Amino acid sequence: MKRFFDCLASGVGLVVLSPVLLGIAIFIVVRDGSPALFIQDRVGKRGRIFRCIKFRTMRVGTPEQATHEVGTEPITPVGKVLRRTKLDELPQLWNVFTGDMSLV
């Protein structure tokens, strides 16, 4: 039942929010260059590795460290807004839809 709800909610969310997702992606590419998405390997349930998708909020080439270790210099102006509003997390609806993550 939980998986059904995750698929339904994330599928509806992806369809309804697709104009917003596309707009944010275009805005990132225009303002900060490609790529618009940041994909990182994460450890999931039972130690399974999956690829977590988010909008890119840091400059390309920033070392892969925890954000609090890198500081705020590599965060782009668009990234500051996306992080503050949590819009950088919206692409994770795809991870929920594919079963890599679950809605909490």
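Which residue follows H3 with a positive phi? Select Lys86: this residue comes after H3, and its phi is near 65 degrees. Keep in mind as you click around that this is a predicted model.

**Stop 1: helix H3**

Now step back into H3 itself, residues 77-85. Colour Val78, Gly79 and Leu82, which are buried. Look down the helix: the three sit on the same side of H3, because they cover an arc of only 95 degrees around the axis. To see what lies over them, show H1 and S2, which are among the elements covering the buried residues of H3.

**Stop 2: the nonpolar core**

Next, select Leu14, Leu21, Ile24, Ala25, Ile28, Ala36, Phe55, Val78, Leu82, Leu90 and Leu93 as side chains. These 11 residues form the largest nonpolar core. Two elements each give two or more residues to this core: helix H1 (2-32) and helix H3 (77-85). The biggest giver is H1, with 5 residues. As general background, nonpolar side chains in soluble globular proteins tend to be buried together.

Setting aside neighbours within four places in sequence, Leu93 is in contact with Ser10, Gly13, Leu14 and Leu17.

**Stop 3: Arg56**

Go to the loop between strand S2 (49-55) and helix H2 (67-70), and pick Arg56. Is this charged side chain buried or exposed? Arg56 is buried, yet it has no salt bridge. Asp32 is the nearest side chain of opposite charge, but it is 5.2 Å away. That leaves Arg56 without a salt bridge, because the cut-off for one is 4 Å.

Not counting residues up to four places away in sequence, Arg56 touches Ile28, Asp32, Gly33, Ser34, Pro35, Ala36, Leu37, Phe38 and Leu82.

**Stop 4: Glu89**

Last, head for the loop between H3 and helix H4 (92-98), where Glu89 lies. Glu89 counts as partly exposed because its relative accessibility is 29%. Which side chain does the Glu89 side chain make a polar contact with? Show Gln92: the two side chains make a polar contact at 2.8 Å. Finally, draw a C-alpha to C-alpha distance from Glu89 to Ile53: it comes to 8.0 Å, although the two are 36 residues apart in sequence.

Technical notes. Residues are numbered from 1 along each chain as its sequence is written. This is a predicted model: local features need pLDDT of at least 70, side-chain atom pairs count only at pLDDT 80 or more; totals for chains, interfaces and linings use all residues. Side-chain values use heavy atoms; hydrogens and water are left out. Helices (H or I, at least four residues) and strands (E, at least two) are DSSP runs, numbered from the N terminus. Buried means under 20% relative accessible area, exposed over 50%, partly exposed in between (1.4 Å probe, protein chains only). Lys and Arg count as positive and Asp and Glu as negative; His and the chain ends are not counted. Contact means heavy atoms within 4.5 Å. A nonpolar core is a set of buried Ala, Val, Leu, Ile, Met, Phe, Trp, Tyr and Cys residues joined through side-chain atoms within 4.5 Å. The arc is that of the directions from the helix axis to the C-beta atoms. A polar contact is a pair of N or O atoms within 3.5 Å; within protein, one must be able to donate a hydrogen and the other to accept it, and residues adjacent in sequence count only if both atoms are side-chain atoms.
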